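Hi,

Have a look at it first, then read on.

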Amino acid sequence: MKIAVMGAGNIGGTLGRKWMAAGHDVRFGVSSPARYGELADLGAEVTSAADAADGAEVVVLAVPGAAVADVLAEAATSLDGTIVIDATNNVRGGGPLNASAAVASVAPRASYYRAFNTLGWESFATPTFPDGQRADLFYAGPDGAGKQTVERLISDIGLRSIWVGGPDHVETVDGVTRLWFALVMGQHLPRHTAFHVLSDASSPMA
């Protein structure tokens with residue numbers, strides 16, 4: 001799969017390396033490609049946001065919230081008709097955590113998914129915990145082929161995917177993000193903290 005990862009920091013860099021290891025063709029879109037020679041040494045193409053998005057099947061936003069508008073403006077012509085995964089968290093912007101409105105404004109025909117925003121990068125690097133349980137990743141977005149693609153990419157990171165629902169559940173996923181921040185930043189739990197859903201299959205369905 002051709003994946004464009006916008007950003008090469010802790011989140012983008014960790015996800016991109018994992019997907020490369022899983023056999024995907026990963027290109028990183030960054031503002032200063034020369035800073036990321038170690039990714040090029042691994043065989044990744046490190047280029048501008050526009051070049052990374054050109055021809056990509058999936059575009060992953062993994063930049064700080066303040067940089068989202070510039071990245072989208074640069075890559076806009078390649079986003080319509082693609083799967084856009086929003087891993088950003090706009091923690092200082094005073095608005096929504098997610099970039100759904102910004103994506104819709106430049107690429108109304110993109111398939112938008114909210115994912116990879118509810119955990120620290122440490123859980124992407126090490127998705128299993130001492131008890132052997134895999135961390136769950138909550139995500140939201142349209143049903144269909146795009147959903148299957150997103151679930152494959154989540155699985156390739158080593159996480160268990162939990163689909164919360166369609167686009168109307170983006171804010172529900174963001175609620176999990178706020179819970180993670182409350183536990184880690186507020187209650188000082190380790191950054192390698194994640195969630196796991198338990199359910200009894202023998203119980204009646206709701």
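This is a predicted model: local features need pLDDT of at least 70, side-chain atom pairs count only at pLDDT 80 or more; totals for chains, interfaces and linings use all residues.

Asp80 is partly exposed, with a relative accessibility of 29%. For that label, and for the others below, buried means under 20% relative accessible area, exposed means over 50%, and partly exposed is in between (1.4 Å probe, protein chains only). Accessible areas come from the Shrake-Rupley method with a 1.4 Å probe, and for residues only the protein chains shown count as cover. Asp80 forms a salt bridge with Arg109, with 3.2 Å between the closest N and O atoms; a salt bridge here is a side-chain nitrogen of Lys or Arg within 4 Å of a carboxyl oxygen of Asp or Glu. Asp80 sits in the loop between helix 4 and strand 5 (83-86) and Arg109 in the loop between helix 5 (100-106) and strand 6 (111-114), so the pair ties together parts that are 29 residues apart in sequence. Arg109 is exposed, at 61% relative accessibility. Helices (H or I, at least four residues) and strands (E, at least two) are DSSP runs, numbered from the N terminus.

Residues are numbered from 1 along each chain as its sequence is written, and side-chain values use heavy atoms, with hydrogens and water left out.

Back to the charges. Side chains of opposite charge can pair when their charged atoms come close. How many salt bridges does a search of the whole structure find? It finds 9. One of the others is Arg17 with Glu38, whose closest N and O atoms are 3.9 Å apart. Arg17 is in helix 1 (residues 10-21) and Glu38 in helix 2 (residues 37-41), so this pair ties together parts that are 21 residues apart in sequence. Arg17 is partly exposed, with a relative accessible area of 34%, and Glu38 is partly exposed too, at 40%. Arg178 and Glu171 also meet through their side chains in a salt bridge (3.7 Å, N to O). Arg178 counts as partly exposed at 41% relative accessibility, and Glu171 as partly exposed at 43%. Then there is a network of salt bridges that links Asp86, Arg114 and Asp174.

Asp25, Glu45, Asp51, Asp54, Glu57, Asp70 and Glu74 make up a patch of negative charge on the surface. Patches are made of residues with over 30% relative accessible area and no salt bridge, with like charges joined within 9 Å (for nonpolar side chains, Val, Leu, Ile, Met, Phe, Trp and Tyr, it is within 5 Å). Lys and Arg count as positive and Asp and Glu as negative, while His and the chain ends are not counted. The place of a charge is taken as NZ of Lys, CZ of Arg, CG of Asp or CD of Glu.

Now the inside. The largest nonpolar core has 38 residues, and Trp19, Phe28, Ile85, Phe116 and Leu159 touch the most other members. A nonpolar core is a set of buried Ala, Val, Leu, Ile, Met, Phe, Trp, Tyr and Cys residues joined through side-chain atoms within 4.5 Å. Elements that each supply at least two residues of this core include strand 1 (2-6), strand 2 (25-29), strand 4 (58-61), strand 7 (136-140) and helix 8 (170-186). Which helix gives the most to this core? That is helix 7, with 4 residues.

Phe116 is in the loop between strand 6 and helix 6 (121-125), and is buried at 1% relative accessibility. His188 also has a positive phi, near 60°, and is not a glycine. His188 is in the segment after helix 8 and is exposed, with a relative accessible area of 66%.

Finally, Gly146 lies in helix 7 and is buried, with a relative accessible area of 14%. Gly146 and Ile83 are 63 residues apart in sequence and 6.6 Å apart in space, C-alpha to C-alpha.

Cheers
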